[in-house]
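Hello,

Here is the structure I promised to pass on to you. Please open it alongside this email, and my notes follow below.

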Amino acid sequence: MASNEELFKKIISHAKEYGFVFQSSELYDGLSAVYDYGPFGVELKNNIREYWWKSMVQYHENIVGIDAAIFMHPTVWKASGHVDAFNDPMIDNKDSKKRYRADVLIEDHIQKIEDKINKEVEKAKGRFGETFDEKMFRETNPRVKENLDKIDAIKNRFYPALDRNDLADVKTLIEELGIVCPISGTRNWTEVRQFNLMFSTQMGSVNEDANEIYLRPETAQGIFVNFLNVQKTARMKIPFGIAQTGKAFRNEIVARQFLFRMREFEQMEIQFFVRPGEELKWYEYWKEERLKWHLSLGMPSSKYRFHNHEKLAHYANAAADIEFEFPIGFKEIEGIHSRTDFDLSAHQKFSGKKIQYFDTEMNEGYVPYVVETSIGLDRTFLAVLSHAYREEKLEDGSERVVLGIPAKLAPIKVAVLPLIKKDGLPEKAREIMDKLMYDHRCFYEEKDTIGRRYRRMDALGTPFCITIDHQTLQDNTVTIRDRDTMLQERIAVPEVSAVVTSKIAK
Ligand code: GAP
């Protein structure tokens, strides 16, 4: 069994070998934390986006979509707080010359203490068996208590220091905790500095009237500044949502986890506008709804958990992440934030224009409150891909690599394969392909033995293979092979499309 790190490496190389994901500008030795999607990756990515859009926009009468530009007026980012506060505290190790997020170093240290506690609990569980009372053990065991106190002490010092922007104290804490650089193993740290994550560029000619603008670090602001345009033109009544998918850019400091942390990535966001005072009710509603959406992708509930935020972003009065168990551990895949009226009020103030909604039921105008759901498309892609990857030993002793991607998301739905490349089988297969391609994303392949072609389709995650053999020419039937069970059944050619549709829907 591969370790998680080995497994992660295998998934990355599989993604490259089978045309899912390539390093950006690989020809020039690559660009760090930027990736290109290949022929099969783009299909999977499009399918995930479309699945999200359908479930959120098409199936909700009170949610409409927009597609705002990536470039926005620079004041947008002043109003949103990103110019002043979209920072990560960073620290460099003078020996390895590596840069780290200071908060991540401390959180990793806390995680190590938590791991110790969990080990202690697991050991005790084994000792006491069924009579084990975990809650009581955690409250009374001296070693567990000592470690829990350590965590509390770190948090009580660290979060207030970040809130006060007391970076000197964050550095002292790193030193006191004895945190070493994972590369050099030393404690030779620089001061902690704030690092703004936004990329900027110039609009217009550089010399005349150069205007510094930013590449959006989130898609959300395109929705906020269009609030009135959308509400009026689509005649929306509160509560209602505006959805958007699109690219976002962040100059991430720690960026070496494949699609997990990229400098250019894609978000799928909903801003859901509600009455002031009702936001926490809707926040709970969307937390549950979004978790259900993740489960509908077909991955088990044990792979997900909520992480409620202790330290809230400058715009939120409640926030939680949905975390997924990637091969690199449980990590955020989606954020749900109760953003209050922070953004709309800020845009009202900075633009000098009124942004209000008149609630006819209440006979009152107000600035709506907002609950946001924000999911990373690339992280969802990574979740689907890494959960789908499996290596199997077959009964005949051979091995195969399969991507068990849910059929509804699979890049290719059906492979059309003539058993051999003669006797009129390719012609018949082409005839079937020419019709089927209008209903399903198909892939035609006649090269190599049928066994090798099946393996290739397994590795691409293709759920169904249609094989055209000599019997097809006699009775107009084909075999349909299931990727996961590898079982085949015979069906009539005119029924192929409907059979595939019903199997995908299962
Ligand atoms: N509008 C709110 C917002 O942007 P966020 O938690 O910073 O909130 C939302 O980002 C989601 O975007 C994350 O849950 C994650 O899935 C994705 N995301 C954020 N930074 C990312 C990065 N550098 N690379 C890939 N995905 C990222």
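**Aromatic rings**

This is a predicted model, and 23 aromatic pairs turn up in it. One of them joins Phe 324 and Phe 326: the ring centres lie 5.1 Å apart and the planes meet at 75°, so this pair counts as edge-to-face, the label for angles over 60 degrees. Phe 324 is buried, as its relative accessible area is 0%. Phe 326 is buried too, with a value of 3%.

Elsewhere, Phe 224, Phe 227, Phe 240 and Phe 273 come together in one aromatic cluster.

**Charges over rings**

Arg 99 places its charged end over the ring of Phe 195, at 5.9 Å from the ring centre. The charged end of Arg 430 sits over the ring of Tyr 444, and here the distance to the centre is 3.8 Å.

**The chain as a whole**

For orientation, the chain has 17 helices and 23 strands. Its C-alpha atoms fill a box of roughly 80 × 65 × 60 Å along the principal axes. Of the 506 residues, 49% are buried. If you take the contacts between residues at least 6 apart in sequence, 65% of them link residues at least 24 apart.

Note on methods. Residues numbered from 1 in each chain as written. Predicted model: local features only at pLDDT ≥ 70, side-chain atom pairs only at ≥ 80, totals over all residues. Heavy atoms only, no water. Phe/Tyr/Trp six-rings, centres within 6.5 Å; stacked < 30°, edge-to-face > 60°. Buried < 20%, exposed > 50% of the residue type's maximum accessible area, 1.4 Å probe, protein only. Lys NZ or Arg CZ within 6 Å of the ring centre and 35° of its normal. Helix = DSSP H or I, 4+ residues; strand = E, 2+ residues; numbered from the N terminus. Contact = heavy atoms within 4.5 Å.
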